[in-house]
Amino acid sequence: MINLAGRDILHGWGKFVFTGIGLGLLIGVTLTMAGVYRGMVDDANVMIDNSGADLWVVQQDTLGPYAEPSSVRDDVARDLLGRSGILDAGNVTYLTMQASAVKQATGQRREVRVMLVGFEPGKPGEPAYLVAGRPIVRSHYEALADLKTGFALGEKVRLRRHDYTVVGLTQRMVSSGGDPMIFIPLQDAQEVQFLKDNDALINERARTASNPAFNRPNVPGLLEAVQASQTTSHFVNTVLVRLAPGADAEEVAGEIRRWKHLQAYTRAQMEEILIARLIATSSKQIFMFLVILAIVSAAIVAFIIYTMTLNKMREIAVLKLIGATNQTISSMILQQALGLGLIGFMVGKLSATLWAPLFPKYILLLPEDAISGFFLVMLMCALASIFAIRAALRVDPANAIG
Amino acid sequence: MNMPAIHIENLTKRYGEGDTAVDALKGVDMTIWPGEVVGLVGPSGSGKSTLLKCLGAVIEPSSGRMTLGGQTIFDAAWKIDDLRTLRRDRIGFIFQAPYLIPFLDVTDNVALLPMLAGMPDAASRSRALELLNALDVGHRAKAAVAQLSGGEQQRVSIARALANHPPVILADEPTAPLDSERALNVVRMLNQMAQQYQTAIIVVTHDEKIIPTFKRIYHIRDGRTYEEAGEGREV
């Protein structure tokens, strides 16, 4: 038996293919949106994995350090080291900011949105591996940068008041928002985060000096002590804890919460905070886009198949008159809808794969999403063909006679 | 030739009900024998199209009786459940415009009918080629429909109507778009095919050029038929 759908497609293949490409681009956008969500989840998981921590100790009653601001004293890490079940603890600061560097070749200033991480070398929070260069060995003004920043080894990066030399490069070190990370020594990071500029310091000192409570005539050294405390910072955003083998994370976290008046999150809790809370709104946003795109795609397929069927009403009347069954006619329309979906899916998958690396944020295209997407597209096309099939089956064969 | 290909008695067709009812056919009688080509002539609105649709099992008559090859297919109601199969296997259609399927080539336009009837593809195409050769369009067997001239397309549509060797072919103004020479050619082919396949052909026409070629003509006026002998002029 002749495949009527195939013959019709071959007869008007140009129209069919171009329609399929148009639909495919829409499907490509849909797959990319799914990839954006997957990328966000993956970024969050990668950030947790790369921290090398089993517990996150943060300010009480906060969801820090990624979802909410958190501030804890940097001596907490030393206290924690004395507790049972804790193998290692490291102070870490996180700050999302704008970093800039001047390209030596062109002299142009380039700005990149980064997450600045202050860490203690050899402690949790240090990048697990480098893809180029060396670790930080000096106490100040050296940095490790993620490849996505675009900074090269030896390049000088401006962070607030100082320039930092990039000595090593990392990979897939990004924040949950997708900003690439730059790692610098903890003290430098504390300065970047907490220290004010010179004008503000002079102003602050003047205000303190004019405050009779801090500038008492009979208390020498009080004013200097207060002013010194204002120019140093001993706060970090979190203490990352690595547990001793066999230690129970929940138990250790419970002990910290009870005795240190701090909040401690296990890995599972941190994943829940990052994925279910921090990116929850973005996920819903993306889900809404996916739903709308799916509806738009279905409407377009339905419209195209319906129009294609309307253009063939005379042929369908003739086919019915000469004895073609409803099944033959329905099958022809359904096959065309599925063919359109197949072309659309292939174009969509190809285009999503090609343009995903061009996006500034990580797009993760999972094979299982592609498989689900394929079946969804086919289902959508099959459902969309119902209108056209209904119209075709209502055609009176008498129309062929006139 | 002892059984008519098609025989109808007192066939009526009423559209609508009550005050708005219209009697398109008011009692039509007609008998066509195998191998015969009969003209059905009448002015616009006389009921030609309605009669054709009733004969083609496309619309249901209101009353009367209709037999096809001796089998009663209508007697106050359809006596056959599957009218589509009846049309496919036992009635051929030739339209004013050829109405070929544009996305099939010439051979497959003809072969589609036997294929729909369950004949294997190769045998269907072989039969299609045989018919196309008989109608002098065998050399365009692989051509697309759009590449054919109007006359060639009409010959292909005749081949399609004959594809399942039906006992009856209904031709609706088959020569309307053709000039005299081509119109007479079509009539010649219809006569030839009727003889060759023992098919009864009813040709609905206004065409003055071809009316003298029929040996029998049914005139239809106000929903009633009147039979008269035609000139039967040789073509």
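Chain B and chain A together bury about 2400 Å², 69% of it on carbon and sulfur atoms. Buried area here is the accessible area (1.4 Å probe) that two parts lose on being put together, summed over both. On the side of chain B, Arg84(B), Tyr99(B) and Phe103(B) lose the most area to chain A, together 30% of what that side buries.

This is a predicted model, in which local features need pLDDT of at least 70 and side-chain atom pairs count only at pLDDT 80 or more, while totals for chains, interfaces and linings use all residues. Residues are numbered from 1 along each chain as its sequence is written, chains are lettered from A and ligands numbered from 1 in the order in which they are written, and side-chain values use heavy atoms, with hydrogens and water left out.

**The interface**

In chain B, 22 residues are in contact with 27 residues of chain A, where contact means heavy atoms within 4.5 Å. The count of salt bridges between chain B and chain A is 1; the term stands for a side-chain nitrogen of Lys or Arg within 4 Å of a carboxyl oxygen of Asp or Glu. Arg7(A) and Asp108(B) meet in a salt bridge through their side chains, at 2.6 Å from N to O. Across the interface of chain B and chain A, 8 residue pairs are in polar contact, both residues being at pLDDT 80 or more. A polar contact is a pair of N or O atoms within 3.5 Å; within protein, one must be able to donate a hydrogen and the other to accept it, and residues adjacent in sequence count only if both atoms are side-chain atoms.

The side of chain B that touches chain A draws at least two residues from each of helix H1 (48-55), helix H2 (83-90), helix H3 (106-116) and helix H4 (121-134) of chain B. H3(B) gives the most to that side, with 5 residues. Helices (H or I, at least four residues) and strands (E, at least two) are DSSP runs, numbered from the N terminus.

H3(B) is mostly covered, with 11 of its 11 residues buried. Buried means under 20% relative accessible area, exposed over 50%, and partly exposed in between (1.4 Å probe, protein chains only). The cover over the buried residues of H3(B) includes helix H1 (4-11), helix H10 (313-321) and helix H11 (326-355) of chain A, together with H2, H4 and H5 of chain B. At the start of H3(B), a side-chain oxygen of Asp105(B) reaches to within 3.3 Å of the backbone nitrogen of Thr107(B). Gly118(B) follows H3(B) and has a positive phi, near 100 degrees.

Ser124(B) is placed in helix H4 of chain B and is buried, with a relative accessible area of 0%. The side chain of Ser124(B) reaches the backbone oxygen of Met119(B) at 3.3 Å. Leaving aside neighbours within four places in sequence, Ser124(B) is in contact with Ala111(B), Pro114(B), Met115(B) and Met119(B).

**Other points in chain B**

Ile169(B) lies in strand S7 (residues 168-172) of chain B and counts as buried at 1% relative accessibility. Ile169(B) and Ile202(B) are 33 residues apart in sequence, and their C-alpha atoms are 6.3 Å apart in space. Beyond the neighbours within four places in sequence, the contacts of Ile169(B) include Gly92(B), Ile94(B), Ala161(B) and Leu162(B).

| Residue | Phi | Place | Relative accessible area |

**Aromatic rings**

The whole structure holds 8 aromatic pairs over all chains. Tyr141(A) and Tyr164(A) form one that is edge-to-face, at 5.6 Å centre to centre and 65 degrees between the planes. Rings of Phe, Tyr and Trp (its six-membered ring) pair if their centres lie within 6.5 Å; planes under 30 degrees apart count as stacked, over 60 as edge-to-face and the rest as tilted. Tyr141(A) is partly exposed at 30% relative accessibility, whereas Tyr164(A) is buried, with a relative accessible area of 1%. Phe345(A), Phe374(A) and Phe375(A) form one aromatic cluster.
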